[in-house]
Amino acid sequence: MDRVYRDPACTPLDILERELRKLLEACTKETPFFSPNGHMYKQVDGIARGSPLRVQFANFYMGTIEQRVLVDMDLKPAIYCRYVDDILMQVPDVRRLQQLKEALQQNSVLSYTYEMESDGKLPFLDMTVVEMNGGFHTAVYTKETNIGMCLNANSDCSDRYKRSFFNAYVDRALTHSYGWKQINEELCRVRQVLVNNDFSNVYVEDVIKRKLTRHTPSEESTNATLVPPIILFYRNFFSAAYKTEE
């Protein structure tokens, strides 16, 4: 309620505060669900998985904590990026990281863990962030424990679902990779994973080719926007009326 109605940077909603509070409490404290044993229960703590409010509440909560902690310029990191409750930050040393961790814990009910970079690399969500030349490059992150299991080509599943999950592999390679070198390395890994799970090489190459064609403008279409097409007429390809065409 404080963030919605008493934050000077936000315009209050066109609904009474007490009404919004009732609605939010109904959605979070009175959510019924059936358990596997057939009994009905009410969710009284936390928010049900899959609820649109789940991410919204997490962002509100983390934003409130950040307003309290990051106002201290001595603690504020040079880089601070957050996705829900996963944070990527750049601090000068471990001592500053420990101070920031303690401040975040003191201002919340959360318990924080952290991971340091190794050889200039750090996994963040499903990406590997690589420090390079004063900037950052990215690539798809795969856990060391990943043994390459995925949906099998022979599974009892419709083709559209198989193609959808396959497209997700290729899309991630295109969106998470800094350059074509990283894209090619990830696509090679994806090819091997899918072939190991009984997808044919022809099928794999067809999907990758389709995605790459959509992702990368063809040389023909690129040139068409820069140079007007020139039509050449050859007499042996036309009838005697080729002069009219010419």
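**Close-up views of a predicted model**

Of the 246 residues of the protein, 24% count as buried. The model is predicted, and its secondary structure comprises nine helices and seven strands. The accessible surface amounts to about 18200 Å², and 54% of this area belongs to carbon and sulfur atoms. Among contacts with a separation of 6 or more, 43% are between residues 24 or more positions apart. Ten salt bridges are found in a search of the whole structure; the views below include several of them.

**View 1. Helix α5 and its surroundings.** Helix α5 covers residues 159–176, which is 18 residues. From its first C-alpha to its last, α5 reaches 26 Å, close to the 26 Å expected at 1.5 Å a residue.

**View 2. Ser 177 in the loop between α5 and α6.** Ser 177 is placed in the loop that lies between α5 and α6. The relative accessible area of Ser 177 is 9%, so this residue is buried.

View 3. The side chains of Lys 181 and Glu 185 meet in a salt bridge with an N to O distance of 2.8 Å. These two residues are four residues apart in helix α6 (residues 180–196), and therefore about one helical turn separates them. Lys 181 is exposed at 57% relative accessible area, whereas Glu 185 is partly exposed at 44%. A second pair, Glu 186 and Arg 189, forms a salt bridge at 2.9 Å, N to O. Arg 189 and Glu 186 are three residues apart in α6, again about one helical turn. An α-helix has 3.6 residues a turn, so residues three or four places apart point the same way. Glu 186 is buried, with 6% relative accessibility, while Arg 189 is partly exposed at 23%. Elsewhere, salt bridges that share partners join Asp 2, Arg 6 and Glu 17 into one network.

**View 4. The salt bridge between Arg 18 and Glu 19.** The side chains of Arg 18 and Glu 19 meet in a salt bridge of 3.8 Å, N to O. Arg 18 has a relative accessible area of 54% and is exposed. Glu 19, at 32% relative accessibility, counts as partly exposed.

**View 5. A nonpolar surface patch around Ile 15.** Leu 13, Ile 15 and Leu 23 make a nonpolar surface patch of about 260 Å². Ile 15 is located in the loop between α1 (2–5) and α2 (17–29). With a relative accessibility of 31%, Ile 15 counts as partly exposed. Residues need over 30% relative accessible area to be part of a patch, and the 31% of Ile 15 is therefore over that cut-off.

Definitions and conventions
Residues are numbered from 1 along each chain as its sequence is written. This is a predicted model: local features need pLDDT of at least 70, side-chain atom pairs count only at pLDDT 80 or more; totals for chains, interfaces and linings use all residues. Side-chain values use heavy atoms; hydrogens and water are left out. Patches are made of residues with over 30% relative accessible area and no salt bridge: like charges are joined within 9 Å, nonpolar side chains (Val, Leu, Ile, Met, Phe, Trp, Tyr) within 5 Å. Accessible areas come from the Shrake-Rupley method with a 1.4 Å probe; for residues, only the protein chains shown count as cover. A salt bridge is a side-chain nitrogen of Lys or Arg within 4 Å of a carboxyl oxygen of Asp or Glu. Buried means under 20% relative accessible area, exposed over 50%, partly exposed in between (1.4 Å probe, protein chains only). The expected span of a helix is 1.5 Å times one less than its number of residues. Contact means heavy atoms within 4.5 Å.
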